[in-house]
Amino acid sequence: MKTPLYKIYYKYKEDMKMIQIKDESKNIISNSIKDRPAKFIIDEAYQNNLINKDSIICEVTSGNMGIALANVCKLYGNKIIICMPKFVSKERIDILNKLNVELILTDSFEEAFQKANEISVNKNIYLTKQFENINNADSYNTLVDEIKLQTDLYPAFICGVGTGGTINGIGTRLKNSYNTKIFAIEPLQTKLLSTGISHGPHKIEGLSDGFIPSLYPKEIIDDIYSIDENDAICIARKLNKELNLPVGISSGANVVGAILTGIDGIITVFPDNNSKYLSTDLFNEQIKSDFAEEVEFLYYDIIE
């Protein structure tokens with residue numbers, strides 16, 4: 001499940017710097033960062049006799065984890081139930097329907113969790129619980145091992161927080177090994193991490209789902225960056241246009257955060273590509289960003 005690392009060179013306010021980015025859209029199961037935890041969680045459940053071929057898997061998701069789990073369950077022959085808010089992108093719903101999952105659409109994440117808990121009274125149902133399952137975080141050990149082979153620069157790591165698994169798994173190992181600075185990203189429209197409560201909806205799917213997950217490693221976070229959704233959208237679009245990197249909105253948010261830190265060689269991730277965002281504002285050319293206008297992407301090197 002090895003993915004490439006890009007060293008992307010850019011200019012911002014006349015300074016040229018570099019960001020190191022693991023392109024997790026190149027994972028082969030479902031082309032997202034969630035391929036790692038989906039397979040690891042199911043493998044661990046099998047190895048610990050928590051599930052068998054007759055078990056039905058159930059998860060609450062905003063899309064990527066559900067799609068990754070559906071693909072893993074298809075490989076292993078397990079049925080799966082996905083509880084998901086109906087306000088996610090149309091593409092995510094369409095993909096899950098094509099994977100023949102039992103899809104329960106709800107009006108909110110809170111209702112999605114309620115549905116999953118109701119379903120779990122059936123003893124044949126296994127809740128993967130990505131927002132609290134430590135195997136979610138542990139699955140990123142493989143990603144850190146890959147990074148160590150691809151670079152020897154570890155000044156800082158930054159990424160958005162959804163389940164908290166990515167920043168927990170990657171951030172904890174890098175901080176413990178190299179005293180790497182760890183930064184979290186939240187949508188400016190919610191400010192959930194920095195205030196403890198959500199201040200409203202936002203367009204960066206996969207981040208800030210209305211609550212702070214137990215996997216969020218507050219103790220290792222050096223700072224939190226609140227990213228405007230329009231900046232994230234426009235930077236994602238700019239990466240596609242200037243470097244031919246077709247990434248999703250959360251990838252744009254990670255790059256915005258990386259640039260705002262001002263740290264040369266900072267590490268982050270592209271969680272997925274833009275194929276799940278065709279019906280979203282990622283392709284709305286009316287959305288503008290002064291920040292994105294000040295950024296010029298120059299070129300990038302690929303480290304396999």
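Predicted model: local features only at pLDDT ≥ 70, side-chain atom pairs only at ≥ 80, totals over all residues.
Rolling a probe the size of a water molecule over the atoms shows where empty space is left. In this structure there is 1 cavity of 30 Å³ or more, and the largest pocket has a volume of about 400 Å³.

**The largest cavity**
- The space inside the largest cavity comes to about 320 Å³, and among its 29 lining residues those nearest the centre are I33, K34, G162, G206 and L207.
- At least two lining residues of this cavity come from each of α2 (64-76), β7 (156-160), α7 (165-178) and α10 (249-261), with α7 giving the most, 3 residues.
- Sorted by class, the cavity lining holds 14 polar, 10 nonpolar and 5 charged residues.

**The largest pocket**
- The largest pocket is lined by 22 residues, and F87, P201, H202, K203 and E205 are the closest to its centre.
- Its lining divides into 11 polar, 7 nonpolar and 4 charged residues.

**The second largest pocket**
- With a volume of about 170 Å³, the second largest pocket is lined by C234, R237, K238, K241, E285, I287, K288, S289, A292 and E293.
- Both α9 (229-243) and α11 (290-294) supply at least two residues of this lining, and the largest share, 4 residues, comes from α9.
- The lining of the second largest pocket has 6 charged, 3 nonpolar and 1 polar residues.

Terms used:
Residues numbered from 1 in each chain as written. Heavy atoms only, no water. 1 Å grid on protein atoms, 1.4 Å probe; cavity = no way out; pocket = protein on both sides within 12 Å on 5 of 7 lines; lining within 4 Å. Points joined across faces, edges and corners; volume = space filled by probe spheres on them. Nonpolar A, V, L, I, M, F, W, Y, C, P; charged D, E, K, R; others polar.
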